Amino acid sequence: MLTFLVRRIIGAILVMAAVTFIVFVIFIVVPGGDPAERIAGKNANPQNIINIRHDWKFDKPFYEQYWVMLDKMFTGTLVSYTSQQNVVSQIVQGMPATFSLTIGAGIIWLFFGIMVGVISAVRAGRWSDRLITVLALIGISLPVFWLGIVCRYYLAEGGWLTIFPDGEYTGITQSPLQWFYHLILPWLVLAVLFIGFYGRVLRGNMLDTINEDYVRTARAKGLPQRSILIRHVLRTSLIPIVTLFGLDFASVLGGGAILTETVFDLHGVGQYAAQSINNFDLPPIMGVTLYGAFFITIFSVFVDLFYAYLDPRIRPT
Amino acid sequence: MSERLLEVKDLGVDFTTEDGVVHAVDGVSFELDRGKVLGIVGESGSGKSVTAMTIMGLTRDINARFRGEVSYQGRNLLEISDTEMQNFRGNEIGMIFQDPMTSLNPVYRIGEQIAEAIRAHEHVDKQNAHKRAVELLRQVGIPNPESRVDDFPHQFSGGMRQRAMIAMALSCNPAILIADEPTTALDVTIQAQIVELISKLKDDFNSAVIMITHDLGVVADIADEIAVMYAGRIVERGPTRELFYDPQHPYTWGLLGSIPRLDRAKQERLHSITGAPPSLIQLPQGCKFRPRCPHAFEKCKEEPALENRVETPGHLDRCWLDVETKRSLRDATISGDQTEAA
Amino acid sequence: MVQRTESEFTLDTAAELAEAEPGAIRGRSPWYLAWRRLRRNYFAFCALALFILIVAVCAAAPLYAHHIAHTGPNDEHVLDTVKVNGKTTQVVSQGGIIKGKLVASVPIGPTWFSAGGKFVLGADVLGRDIAVRMLYGGRNSLLVGIGSSAICVFFAVVLALLAGYFGGWIDFVITRFFDLFYAFPVVLLGIALGSALAINGFHHFGLNIQSGSLWIPLLVISYVLIPYVGRPLRGQVLSLREKEFIEASISQGASPIRIMFSDLLPNIMSSVLVFFTLIIANNIVLEAALSFLGAGVQDPTPSWGKLISQGQALIVTRPMLALAPGIAIILTVLSLNIFGDGLRDALDPRAKVRVEH
């Protein structure tokens, strides 16, 4: 088991190294034009551009540029020239909001996703299943940012009904109640898409599993329906869901919630990236991209471990 | 005098599918006494598995229709509720299936799965159930049961898995064990071991066995009675010895003739039955074997009833030919002469 | 009792009898069976019809623009007036201080054909006809969505076949490639690529794509999704690879290309079809998201996502600006999802939920 863990960690480190290289390629190498101009962003005067070119070593060979980029990222000196702010500190500032959004939404979507999946699998073919399927499909088809806008308009202050506050994020340390109150709508909006998706995946898995031979054996043993459903069907059907959840959660944490954060003005990491896009300010985007990829890589190691725990067949003996 | 455990009377099973109604089983009747082994033999699609699963209530479905009676302990198993049926399954009637790898849940340990079977029907705590599981594994011949009980299915070999399945099926001392093609997925050498094991356990547990297979060789040794099924019906049924030495139905002749035998001359070709089984949705009129029967004649347009036409009582068949004609035709068929017809 | 002697009955006679009998089991190809199952799924077919309708309407954008709205998608009419029910109204009302209060300038709301076909859904802050922009935007969104799916699925299939068939180091390299891009959140990667390329365009490998071109979001999205389609397909190819019929082909001397395209590809085709349909839906939403954030389709080109972001500011006074493109996306994506679902059910050989009687 230990060798498995060590191998995965080494693999993860290699992936992260490769990720930094990819980021470098995407932002520095691939696009046409002058990288120094690009990094300098809008409102840059010629002197800035020259300084940047020197600072980032764009006049030197690629590997030196790559090294400079790595250095800036990991020493926390990556700076946005448009906003004059340190990228790393901005990311750190945005993390509480992003974490709050992701963890809350994650719990909601996992819980309801499983519930929806089980109900529609057990009632497969009947009207309740079809209704749930259509609702799930609608949920998947809603663009999350549009839903956010609509919800904000119709349900929040300044709009039609004023049940919810109009976005913004309140730290949990300041006021737990307000923190919760401000996050409910974003949580629900973000969760809708995933609930639909997870419900359908689980339903599909369960319907597949119900036809498995070992479920037939469980029936032949005379086990009660409920026991069969939970101990045999659900247990195996949940395994892919768990892995999916691990990766999706990491993805959202790593900035995938960019749209929800932007629409609800939560000032998280994702919104920071979104604002930078508007200004075509590349250093923050680079920073956030790297941050996101790191999260996913680390999480996938945990997911792999958990998967080995859940499915004994893939445990290395 | 043996106790009569199970009586199947005129069992019929139909499934409604998008292609039409599948008449999987029609007019099947047999009895099973304690301590006896009944072999049900037939090719794929003959209805043998459906019969077995119906006895266990595993074919209950919104698209299934049942006729007839499956009488156990005075109750008709076709009519009792699902919850009541759960009490019978595993407890009174145990079943093992063809592929032991997929029939065991891969994420639970062997011991856990056996204990689960026990605790479903008896008030036993986990420790005792675990102990019993170890004993059962020992009884089915698994070496080192104390440590192997905590293994996962993928750590067992094919033969051992099937033994574990048998242990699980017998864990609650059922009166009847149904074995659906238990050896088909196993090596030939292991096959013999498993069949022997089933026979031995039948005596140890004083139960009855229904052994389902497509291979007559498998049941030859242990079955007391054999029923041959074709197109959802029993076409011949009788004591094993009778069936092997005096088979009465052309299909049985075909089955017996297609067993490779060491005492046959090398030049003789292996006899095989031409054609394919009929569609269970559109069955032919009259005798269902007629399209493939080399001896069909006028009367075969009417379906024969399953009757005793031979001297030995208890030996029934569905063929209009009179006994003497059968015997002479049969000997020609089994020795392969018929295959050389001009 | 009538007796027949053996000489009158041979196996040939038996064979003749067999032929005369009805009830042989007819073999049917899995495609035919799938088609039959799909045919019965009216819901899926309605969904497909809806999707085709949407595509057709958007394709007819120039017709609408020319004959009904009499304006192009980027034509600004800030200072123009239009006759609504006979009354002359400003396309974009004057803002400023009116009666002592600061009033924003508000574009005209939906006229619903009472202005002779102009501004049916209203106008935006720059006086552009929303209905026309919706149709042109739809065209662009669909182009990017469908085009990127096609490219993505094509490369995913090729890579999956290569990786699955050859195994070894080719598989290793391709899988690492997939894994690497799995490490990025899709949206973030799309944003990264989209924004980086939006500034200066893409000028490598002989391609010269300008920064405002529709090709940038198209290529970015296709590229980003390749691992998501490629990995599951590779898994399928791997399990097919182990089957005996492949071994049989190899032992008959079939070339790798032949095996990949004649043996492996047809067997993954049903997955490929389902993926293709569902990825189109996914890509339309992804393009909308990227354009909403500014990393996709660039101004002044319209797309549904772009329209939503432009309509966001006016959601209170002119909700239609943001609602209409959103509803368009939902209908398109929903119809694709429903059809893709029906397609998957039809192609799946294991009948999970059957006809009820």
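Helices (H or I, at least four residues) and strands (E, at least two) are DSSP runs, numbered from the N terminus. All views show a predicted model, in which local features need pLDDT of at least 70 and side-chain atom pairs count only at pLDDT 80 or more, while totals for chains, interfaces and linings use all residues. Residues are numbered from 1 along each chain as its sequence is written, and chains are lettered from A and ligands numbered from 1 in the order in which they are written.

**View 1. Chain A is built from 13 helices and 0 strands.** From the N terminus on, its elements read α-α-α-α-α-α-α-α-α-α-α-α-α. Along the principal axes, the C-alpha atoms of chain A occupy a box of roughly 80 × 60 × 40 Å. Of the 317 residues in chain A, 45% are buried (20 or more other C-beta atoms within 10 Å of the residue's own; 12 or fewer is exposed, in between is partly exposed; C-beta atoms are placed from the backbone). Take the contacts in chain A (C-beta atoms, placed from the backbone, within 7 Å) between residues at least 6 apart in sequence: 69% of them join residues at least 24 apart.

**View 2. Chain A meets chain B through 17 residues of chain A and 24 residues of chain B.** On the side of chain A that touches chain B, α9 (213-220) and α10 (225-256) of chain A each supply at least two residues. The most comes from α9(A), with 6 residues. By class, this side of chain A has 5 nonpolar, 4 polar and 8 charged residues. Here Ala, Val, Leu, Ile, Met, Phe, Trp, Tyr, Cys and Pro count as nonpolar, Asp, Glu, Lys and Arg as charged, and the others, Gly among them, as polar.

**View 3. An open sheet of 7 strands in chain B has mixed pairing.** Its order is β6-β7-β8-β3-β9-β10-β11. Strands pair if DSSP finds at least two bridges between them. The edges are β6 (93-96) and β11 (316-317) of chain B, each pairing on one side only. B:E236 stands opposite B:D317 in β11(B).

**View 4. Two helices of chain B pack on this sheet.** Helix α7 (residues 158-170) of chain B lies across β6 and β7 (176-180) of chain B. Its direction is at about 165 degrees to β6(B). Helix α11 (residues 250-257) of chain B touches β3 (37-41), β9 (225-230) and β10 of chain B, and makes about 105 degrees with the direction of β9(B). Axes are lines fitted to C-alpha atoms, for helices over the stretch in contact, and angles run from 0 to 180 degrees between N-to-C directions.

**View 5. β1(B) and β2(B) form a hairpin.** Between the two strands sit 2 residues. Strand β1 (residues 4-17) of chain B runs antiparallel to strand β2 (residues 20-33) of chain B, and 10 bridges join them. B:R4 stands opposite B:D33 in β2(B).

**View 6. In chain C, α10(C) passes α11(C) in a right-handed crossing.** Such a crossing has the near helix turned clockwise from the far one by less than a right angle; anticlockwise is left-handed. The axes of α10 (residues 256-293) and α11 (residues 304-311) of chain C come within 7 Å and cross at roughly 40 degrees. The two helices are therefore oblique to each other (under 35 degrees is roughly parallel, over 145 roughly antiparallel, 65 to 115 roughly perpendicular, the rest oblique). From α10(C) come C:E287, C:A288, C:A289, C:L290, C:S291 and C:F292. They meet C:W304, C:G305, C:K306, C:I308 and C:S309 in α11(C). The contact has 6 nonpolar, 3 polar and 2 charged residues.

**View 7. Helix α9 (residues 244-251) of chain C is hardly covered.** How many of its 8 residues are buried? The count is 0. Just after α9(C), C:G253 takes a positive phi of about 90 degrees. Chain C as a whole holds 12 helices and 4 strands, and 43% of its 357 residues are buried.
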